[in-house]
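Here are my notes from going through the model, as promised. Have the viewer open while you read.

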Amino acid sequence: PGTTFADVEYFFAMLDADKGASISFKELHQAVLECYQYSRAVRRQEPATMKIVDRLQSHLRKHNYNARSAFERFDTNNTGFLEYSEIARMIRALLPDIKLV
């Protein structure tokens, strides 16, 4: 399925809790925890909602990534934050069948 740049911008805004225009590991980690808690609550009622989370988890496990190593892989400028372009690159790498349009 196609994913627009507006979708990526929305995803980025959701992760950027402090609105600092970049994503810290703490922000990413908190978002993952919240997604996990949400997934447990809605998995039975909305299984389609969880497909993307399941795919991310599967890819991370398959490549032996943990949250920190995945974060560091995509923090290409080593700032300790993920900028918009790095989040877009992360989505493309972790979910290669998603097309950014």
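This is a predicted model: local features need pLDDT of at least 70, side-chain atom pairs count only at pLDDT 80 or more; totals for chains, interfaces and linings use all residues.

1. Let's begin with the core. The largest nonpolar core is made of 16 residues, and L15, I23, L28, L82, I87 and M90 have the most contacts inside it. At least two residues come from each of helix 1 (5–15), helix 2, helix 4 (67–74) and helix 5. Helix 5 is the top contributor, giving five residues.

2. Once neighbours within four places in sequence are set aside, I87 is in contact with V8, F11, F12, L15, I23 and L82. Of these partners, L15, I23 and L82 are also on the list of residues with the most contacts inside the core.

3. A88 belongs to helix 5. Is A88 buried or exposed? A88 counts as buried because its relative accessibility is 4%, and the cut-off for buried is under 20%.

4. Now helix 4. Its buried residues are A70, F71 and F74. Why do they sit on the same side of helix 4? Because the arc they cover around the axis is only 100°.

5. E86 deserves a look if you care about charges. This residue of helix 5 (residues 84–94) is buried but has no salt bridge. Which side chain of opposite charge is nearest to E86? That is R89, at 4.7 Å, and a salt bridge has to be within 4 Å. What the side chain of E86 does reach is the backbone nitrogen of N77, at 3.4 Å. Beyond its neighbours within four places in sequence, E86 is in contact with F74, D75, T76, N77 and F81. F74 is also one of the buried residues of helix 4.

6. E27 is the other acidic side chain on my list. It is found in helix 2 (residues 25–42), and E27 too is buried without a salt bridge. For E27, the nearest side chain of opposite charge is K19, 7.5 Å away. A polar atom of the E27 side chain lies 3.0 Å from the backbone nitrogen of A17. Not counting residues up to four places away in sequence, E27 touches L15, D16, A17, D18 and S22.

Technical notes: Residues are numbered from 1 along each chain as its sequence is written. Side-chain values use heavy atoms; hydrogens and water are left out. Helices (H or I, at least four residues) and strands (E, at least two) are DSSP runs, numbered from the N terminus. Buried means under 20% relative accessible area, exposed over 50%, partly exposed in between (1.4 Å probe, protein chains only). Lys and Arg count as positive and Asp and Glu as negative; His and the chain ends are not counted. A polar contact is a pair of N or O atoms within 3.5 Å; within protein, one must be able to donate a hydrogen and the other to accept it, and residues adjacent in sequence count only if both atoms are side-chain atoms. Contact means heavy atoms within 4.5 Å. A nonpolar core is a set of buried Ala, Val, Leu, Ile, Met, Phe, Trp, Tyr and Cys residues joined through side-chain atoms within 4.5 Å. The arc is that of the directions from the helix axis to the C-beta atoms.
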